[in-house]
Amino acid sequence: MEPTTDSVYRRYLACLLKGDRTQCSEIVAELLEAKTDVKELYTGLFQRSMYEVGELWERHKISVAVEHLATAITESLLSLVYPAVFSAPHTNRSGVIACVANEYHQIGAKMVADLFELNGWHGYFLGANMPLGDLIRMIADKKPEMVGLSLAVYSNMPSLLKVLDAVTSASPEQRILVGGQAFRWGGSGALGEYSNTVYVSSLSELEALLREA
Ligand code: B12
């Protein structure tokens, strides 16, 4: 069973908009049972439905409360996938993944951290609104091969550039991956002056990078 099948997706979305966590988790459990690829589940079901929730909210078709409930359900469902995520054999390679200061959209970054785990890396997920000083200390402590930074809101770009400056000056060779919806319609040009930084547009592209590294 593929989540991109329209009928599965529509059934899931209807349950999500009703706030029916039980039904949503049953659909996810069925998909996991059918050995659906985690990446496919993340993008074809969770991401697709949250983008649609965003559009409905933007067009005033649903309330902020419905959107918040859908977000909370989605976050809780990610943990259903954990047995699959953490069962991969691990090496000692790692990534530190965070949302920059004032960035509260954390679901995408959490998926990114899970993808590190699925590929046998340790994915240290620091969550939303990460203060710069603490992020720098965590990077110094974990010494990850890669740092992943997530940016959904374009006006948070100055926060991201501050992190890039600070990480790069502390450790010029540190590889940094940047992603998120702030770049959906362009904006990655601002990253051009950081030779250690690359914009990654999707989980598939990220997986290819992790496998190549
Ligand atoms: C839920 C939500 C919220 C929640 C977030 C809670 C949470 N726990 O995460 C809350 C209520 C906090 C929120 C607040 C706001 N939001 Co909001 N929100 C959303 C919504 C509906 C869903 C977000 C989501 O989870 N998407 C699903 C995830 C999986 O997708 P994703 O983030 O794109 O991640 C994928 C890729 O981008 C990529 N990726 C992401 N990060 C990274 C990092 C790396 C390294 C890599 C490799 C890849 C990668 O991988 C992921 C998997 O494929 C979106 C709608 C939408 N289109 O997404 C709006 C949306 C993101 N929000 C928006 C806005 C404007 C706001 C507010 C300013 C609203 C307001 N007026 O207050 C505030 C800003 C808060 C802040 N300072 O951050 C806009 C952003 C527009 C923009 N680009 O500038 C959107 C797009 C809605 C819209 N259409 O206008 N929001």
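Biologist: In what order do the five strands of the open sheet sit?

Modeller: First, a caveat: this is a predicted model, where local features need pLDDT of at least 70 and side-chain atom pairs 80 or more, while totals for chains, interfaces and linings use all residues. Numbering starts from 1 along each chain as its sequence is written. The strands (DSSP E runs of at least two residues, numbered from the N terminus) count as paired with at least two DSSP bridges between them. Pairing is parallel, and the order is β2-β1-β3-β4-β5.

Biologist: Which strands stand at the edges?

Modeller: Look for strands with a single partner, so that one side is left without a neighbour in the sheet. Those are β2 (122-125) and β5 (197-199).

Biologist: What is the bridge partner of L149 in β4?

Modeller: β3 and β4 run parallel and are joined by five bridges. Across from L149, the partner in β4 is V178.

Biologist: How many residues surround the ligand, and which element gives the most?

Modeller: A residue counts as near if its C-beta atom, placed from the backbone, lies within 6 Å of the molecule. By that rule 37 residues surround the ligand, with G54, G108, G148, S150 and G179 the closest. The top contributor, with nine residues, is α3.

Conventions
Helices (H or I, at least four residues) and strands (E, at least two) are DSSP runs, numbered from the N terminus.
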